[in-house]
Amino acid sequence: MPPLVTPAITKLLPSLSLAFSAPALNSLPLSLSSQQGASFVPKCKQTKLSPLVSLRPLIKHLGDTLIHSSADAMASAFSAFKTMNQPLHRTTNNPFSKPTSPFLGSGREFRPVPSSAPVRRQSTIVAVSSDVVKKKKTNSIPFSSSDLLITREEGLELFEDMVLGRGFEDMCAQMYYRGKMFGFVHLYNGQEAVSTGFIKLLTKEDSVVSTYRDHVHALSKGVPARQVMSELFGRTTGCCRGQGGSMHMFSKEFNVLGGFAFIGEGIPVATGAAFTSKYRREVLKEADSDHVTLAFFGDGTCNNGQFFECLNMAALWKLPIVFVVENNLWAIGMSHLRATSDPEIWKKGPAFGMPGVHVDGMDVLKVREVAKEAIGRARRGEGPSLIECETYRFRGHSLADPDELRDPAEKSHYATRDPITALKKYMFEHNLVKEDELKAIEKKIDEMMEDAVEFADASPLPPRPQLLENVFADPKGFGIGPDGRYRCEDPQFTQGTAHV
Amino acid sequence: MLGIAGKGVARGGMNASRIRSQSLLLASKSYSSTAKQMTVRDALNSALDEEMSADPKVFIMGEEVGEYQGAYKITKGLLDKYGPDRVVDTPITEAGFTGIGVGAAYHGLKPVVEFMTFNFSMQAIDHIINSAAKSNYMSAGQLSVPIVFRGPNGAAAGVGAQHSHCYAAWYSSCPGLKVLAPYSSEDARGLLKAAIRDPDPVVFLENELLYGESFPVSAEVLDSSFSLPIGKAKIELEGKDVTITAFSKMVGFALKAAEILAKEGISAEVINLRSIRPLDRSTINASVRKTNRLVTVEEGFPQHGVGAEICASVVEDSFEYLDAPVERISGSDVPTPYAANLERMAFPQIEDIVRAAKRACYRSVPMAATA
């Protein structure tokens with residue numbers, strides 16, 4: 001798994017069953033280097049604003065000592081984290097780190113372990129931050145003309161996708177307040193860098209599994225704005241003909257496998273989609289089946305059992321999946337720090353035998369770099385990764401959330417870190433684009449939103465017979481009627497509800 | 001109005017029906033006289049084996065399905081034949097592996113998810129209901145979910161409240177699911193094959209106590225192309241005095257009760273529901289219109305149970321044909337007790353069915369006393 005490992009780290013930490021890298025810990029959450037321009041405010045200078053940051057001095061200290069595998073130093077440095085002590089004391093002497101038990105055997109063929117590396121975990125478990133990846137990347141391409149992370153075209157694509165996400169959600173808010181859409185509507189404002197940074201690297205055949213905050217994931221994956229807007233309006237032209245709604249975006253064509261409205265529910269489904277890619281390649285012998293699945297979910301979900309169950313099975317079976325945590329620090333009104341014993345979610349990756357990476361989720365370029373590695377790793381059959389994107393939602397949990405618990409100072413701090421503004425600045429500073437080009441994109445998206453709303457508003461409501469359609473894929477699913485024939489053969493069968 | 005007509009019907013044809021029912025019990029009409037015997041376990045195993053062999057997209061996953069050969073040996077031999085990629089031993093994570101199965105079905109595979117018992121499906125019910133049953137509808141038909149959830153359901157012996165529970169009514173109340181409950185080896189083979197081939201999620205409720213029971217099976221049943229229609233009940237025993245509906249283990253009890261009733265001159269028609277959802281209302285109503293009396297039998301709890309649904313269906317469609325109040329026999333309205341004597345009282349027994357059928361026929365006293 002070379003791309004995510006700096007050589008120095010592998011040398012220093014070959015014997016730790018849980019490998020931590022000092023650079024990773026030194027450059028933990030949001031402690032961005034300022035090399036990408038002034039817009040990326042180094043987070044560590046504003047420690048009062050994010051509770052996470054106040055832990056950082058401790059972590060930094062740990063980073064210096066950990067490299068010597070000094071468990072005692074770690075324990076004292078991390079005295080604030082009760083739970084940190086146990087895993088870090090582990091070494092390879094621990095018998096559990098070797099798959100010697102026969103009970104591990106049933107999956108033998110499913111997770112081929114190279115005979116030269118019988119202890120799989122030693123080489124694959126790494127936790128790093130995006131800074132490490134970036135440095136490595138730039139160092140390893142000496143012939144690269146500059147340090148640019150994107151080409152002009154890529155920059156424009158990312159910008160357009162993020163503006164699309166933002167514009168769409170702003171339009172949703174308007175339409176919601178005008179009564180055009182109803183129920184729960186969860187908006188993605190502020191988190192665009194995650195969706196764009198990841199999904200724009202996928203092919204059409206790759207899958208995305210989302211949560212109730214799913215509009216923008218669907219848009220990034222390619223579902224037309226008209227279809228998503230119509231779905232929210234509850235019209236037949238919606239991507240699910242108005243039968244799904246805001247929290248349940250599906251598209252077979254674009255492999256959007258659903259928004260899931262319950263916490264943690266999407267993760268096993270995504271893991272199953274990844275299971276299918278592997279099954280198709282290895283059992284059905286479809287050599288071109290290298291599809292990757294992305295599972296998006298939030299910080300609150302990382303306290304749910306299904307998250308842990310699937311990290312385990314995905315690593316156990318080396319499934320082509322990337323677990324993308326959109327850590328926006330709040331689960332409705334529950335602060336991440338008040339809900340999670342160890343708030344650094346990325347650390348749970350190594351605990352299950354996969355890389356855990358933390359990345360600044362307000363920086364689309366950093367997200368993209370990390371996503372490239374993780375998606376590439378999955379596609380090459382090297383197994384899953386856990387990526388924690390630290391981000392922030394600019395609106396309440398849903399449009400019904402009064403959002404009274406988040407500190408206004410925290411909100412305004414993150415407002416200054418708007419991922420769209422940041423990308424704009426980066427591109428200007430590196431002379432990638434001109435202002436009028438971006439203006440043209442913004443105008444195009446504005447027009448697209450107007451069009452989507454007009455289209456949705458003019459679209460027909462689902463007709464009455466549609467109520468009973470699609471309950472089963474099998475048209476005979478409704479069973480046998482009083483006349484002994486299948487009920488679906490009765491021409492009246494989609495009319496009324498009582499007898500079906 | 002009901003009673004007089006009913007008695008007349010009950011008396012007529014008594015002797016003939018007794019003879020017929022006895023012969024039917026020995027060899028049901030669909031079986032040839034040289035029928036081979038097969039246990040329900042082997043029927044399920046052979047159905048899985050044949051469907052896996054026919055379609056490489058079919059795979060089975062669950063706890064102990066592979067190296068252990070199945071907690072109840074339903075998957076015996078499959079690991080050797082199909083390998084660990086298609087007979088997937090999972091960790092003890094119902095929510096996780098059930099969801100993985102559903103995700104695999106979204107993408108066109110045909111998973112068979114085994115629950116060691118259906119009691120454990122409670123940990124995964126979110127995926128059965130929310131991820132599997134509703135997705136075809138929510139996606140407007142874009143994503144179908146061809147998956148089978150199977151395992152033993154209902155009361156086992158001496159395992160207490162959390163391991164003795166019938167989920168037929170629970171799952172059958174959910175649109176988007178099909179719920180099957182086999183009784184015999186013919187049912188087990190035909191319905192499991194139909195379930196695996198079906199494009200929709202199917203909850204397949206087996207019964208632990210039936211696994212070891214042998215039933216005669218015809219050459220037709222043993223054919224690898226055999227399958228049964230989902231949504232169609234089977235009349236196990238024809239009769240004309242009272243209709244008894246049952247599913248799973250209770251079909252055997254109903255047949256034994258019918259045998260006793262026949263000796264007392266009551267000709268019972270026993271309907272093996274096979275499919276709880278879709279429910280074969282037409283077969284049930286046609287039978288009730290013939291017998292004018294109905295006894296429903298199930299092991300599950302009484303309130304909002306399968307019997308309640310059948311009763312509602314008959315009241316809606318055949319109210320004017322009823323000559324007696326519908327008798328509903330179900331498990332007691334209590335969590336299953338551990339003590340053997342209490343446990344026996346908590347679930348329907350053959351005597352309960354006999355008594356209810358006699359009540360429905362206004363014959364709570366022995367035939368001899370009124371003759």
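**Reading strand 10 of chain A**

Modeller: Let's start with a pairing: strand 9 (residues 356–360) and strand 10 of chain A run parallel, joined by five bridges. Strands here are DSSP runs of E of at least two residues, helices are runs of H or I of at least four, and both are numbered from the N terminus; two strands pair if DSSP finds at least two bridges between them. This is a predicted model, in which local features need pLDDT of at least 70, side-chain atom pairs count only at pLDDT 80 or more, and totals for chains, interfaces and linings use all residues. Residues are numbered from 1 along each chain as its sequence is written, with chains lettered from A and ligands numbered from 1 in the order in which they are written.

Colleague: Which residue of strand 10 is the bridge partner of V359(A)?

Modeller: That is C389(A). Strand 6 (residues 321–327) of chain A also pairs with strand 10 in the parallel sense, over six bridges, and there V325(A) has E388(A) as its partner.

Colleague: Is strand 10 of chain A mostly covered or uncovered?

Modeller: Count C-beta atoms, placed from the backbone: a residue is buried with 20 or more others within 10 Å of its own, exposed with 12 or fewer, and partly exposed in between. In strand 10 (residues 385–390), six of six residues are buried. S385(A), I387(A) and C389(A) point one way, while L386(A), E388(A) and E390(A) point the other way.

Colleague: What does the UniProt annotation covering residues 161–462 of chain A say?

Modeller: The unreviewed entry gives "domain: Dehydrogenase E1 component".

Conventions:
UniProt positions renumbered as here; feature names shortened; annotations may be inferred.
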